[in-house]
Amino acid sequence: MMGILIMVPLTALIFGPFSQYLSQAIANGLVALLDLSSILTGVVFASVWPFLVVLGVHWGITPIQLDNLARGGDPLNAMAAGATFAQMGIAFGIFLRYRKNKDLSSLSLAGTVSGIVAGVTEPILYGFILRYRRLIPILLVSGAAGGGLVGFFGAEMYSYAFNSVLTIPAYGPIPQYVFSIAVSFIVGTVLTFIFGLGKEADASIATESTNTAPESKEEVEAEKEADDKEELVEGKQIKIQSPLSGELVPLTEVEDEVFSSGAMGKGAAILPTDGTLVAPFDSKISSFFPTKHAIGLTDENGIELLIHIGMDTVQLDGKHFSSSVEEGQEVKQGDTLVNFDVEAIQQAGYSVVSPVIVTNTDSFKQVASEKSRHVEPNDTIITVVK
């Protein structure tokens, strides 16, 4: 409610008018730039188009495009195709380089297909480019290459359509247009494949060969341990101990996508074998849900840790949970925080898999979880590198 009370007046009185004026200024600048040089316009417009989309001011270009269509053809949307296909190329480059990483490969392939078929690249823009900022220069270079070629060849859009493979007949001359967007796609793919997403993503690539089977059980176990072990970067290492007894599982295997996708932050999950939750390190209780199913801790290093007991257990409204601690209290490692009835929660139809999340992951160099195994409260499950 407070968010709505604040944002609605700001949107109506400040953001809305500002966006309108900004859109008009951008549109006027594009018209002037078109009169100066179509090649330069293509380079500039394709470079900034994704960021206009992020700001939401790209709709200010639509009236110009419609006016151009009424006059015979629109060069602007054809130029924007350079940026659109550059994003598809970036997603495809991620798929090629990280095809052994289940999460990256599935997301990047889905983004590539949605772009090629429907011209929808927001999943790529928000899911990869704004997350891995080293992709921004690649987007600028590959988008500018295609946009500049569109301007050079004088390609235009003759009926309003999103930029995708299926809408190619809406543009012309078709051979020159196809060549231009192909350059954007190929440059984006190649540069992304070469430079990648960074050390953290590169460390996630599985090294096990799919063609050669190990000769013994010992080799199988050794290779599995090597794959599960994430190489740590340099810096101060802070160990987070397990708050529960149970089986440590990868966060990606949690049923709730909010946790498994990493949207809340990085960490691990535990399938508990008993119902005693203890403090994983010396910390302060920064938040504690009234239902006692989730607790937030903050330590002296600034780590903000969320421990969520079970999935959708908020619906139990505190039933089967008990605790004597409260928000703002200082706790020591090993202090009991919450007691809960594992069997009763399961009988009520809820999963007891419990994510342990570093919610301010972006504040640290690395957040690495240990390999899957049985853990006790004194075992390290997460290493944070500061």
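Select Ser 37. This residue caps the N-terminal end of helix α2, with a side-chain oxygen 3.4 Å from the backbone nitrogen of Ile 39. Helices here are DSSP runs of H or I with at least four residues, strands are runs of E with at least two, and both are numbered from the N terminus. This is a predicted model, in which local features need pLDDT of at least 70, side-chain atom pairs count only at pLDDT 80 or more, and totals for chains, interfaces and linings use all residues. Residues are numbered from 1 along each chain as its sequence is written, and side-chain values use heavy atoms, with hydrogens and water left out.

**Along α2**

Now select residues 38-55. That is α2, with 18 residues. From first C-alpha to last, α2 reaches 24 Å, close to the 26 Å expected at 1.5 Å a residue. The expected span is 1.5 Å times one less than the number of residues.

Where does α2 bend? Go to Trp 49: the bend there is about 40°. The bend is the angle between axes fitted to the seven residues ending at a residue and the seven starting there. A proline, Pro 50, follows within four residues. Past the end of the helix comes Gly 56, whose phi is positive, near 80°.

Next, colour the buried residues of α2, among them Gly 42, Phe 45, Trp 49, Leu 52 and Val 53. Buried means under 20% relative accessible area, exposed over 50%, and partly exposed in between, with a 1.4 Å probe and protein chains only. Show α1 (2-36), α4 (75-97), α6 (122-129) and α7 (135-153): these are included in what covers the buried residues of α2.

**Thr 41**

Stay in α2 and pick Thr 41. Is Thr 41 buried or exposed? Thr 41 counts as buried because its relative accessibility is 0%. Its side chain reaches the backbone oxygen of Ser 37 at 2.6 Å. Beyond residues up to four places away in sequence, Thr 41 touches Leu 30, Leu 33, Leu 34, Ala 46, Leu 76 and Met 79. Contact means heavy atoms within 4.5 Å.

**The second largest pocket**

Select Trp 49, His 58, Gly 119, Glu 122 and Phe 162. Of the 18 residues lining the second largest pocket, these lie nearest its centre. The elements giving two or more residues to that lining are α2, α3 (62-70), α4 and α6. With three residues, α4 gives the most.

Jump to Ile 240 in strand β3. Ile 240 counts as buried because its relative accessibility is 0%. Phe 281 is 41 residues from Ile 240 in sequence, yet 6.4 Å away in space, C-alpha to C-alpha. Leaving aside neighbours within four places in sequence, the contacts of Ile 240 include Phe 281, Ile 303, Val 358 and Ile 381.

Then move to Leu 244, in the loop between β3 (237-241) and β4 (246-249). Leu 244 also counts as buried, because its relative accessibility is 0%. Leaving aside neighbours within four places in sequence, its contacts include Ile 270, Pro 272, Phe 340 and Val 375.

**Zoom out**

Show the whole protein chain. How many helices and strands does the chain have? There are twelve helices and 16 strands. The C-alpha atoms fill a box of roughly 75 × 65 × 40 Å along the principal axes. Buried residues make up 44% of the 386 residues.

Terms used: A polar contact is a pair of N or O atoms within 3.5 Å; within protein, one must be able to donate a hydrogen and the other to accept it, and residues adjacent in sequence count only if both atoms are side-chain atoms. On a 1 Å grid over the protein atoms alone, a cavity is a set of points where a 1.4 Å probe fits but cannot get out, and a pocket is an open set with protein on both sides within 12 Å along at least five of seven lines; lining residues have an atom within 4 Å of a point.
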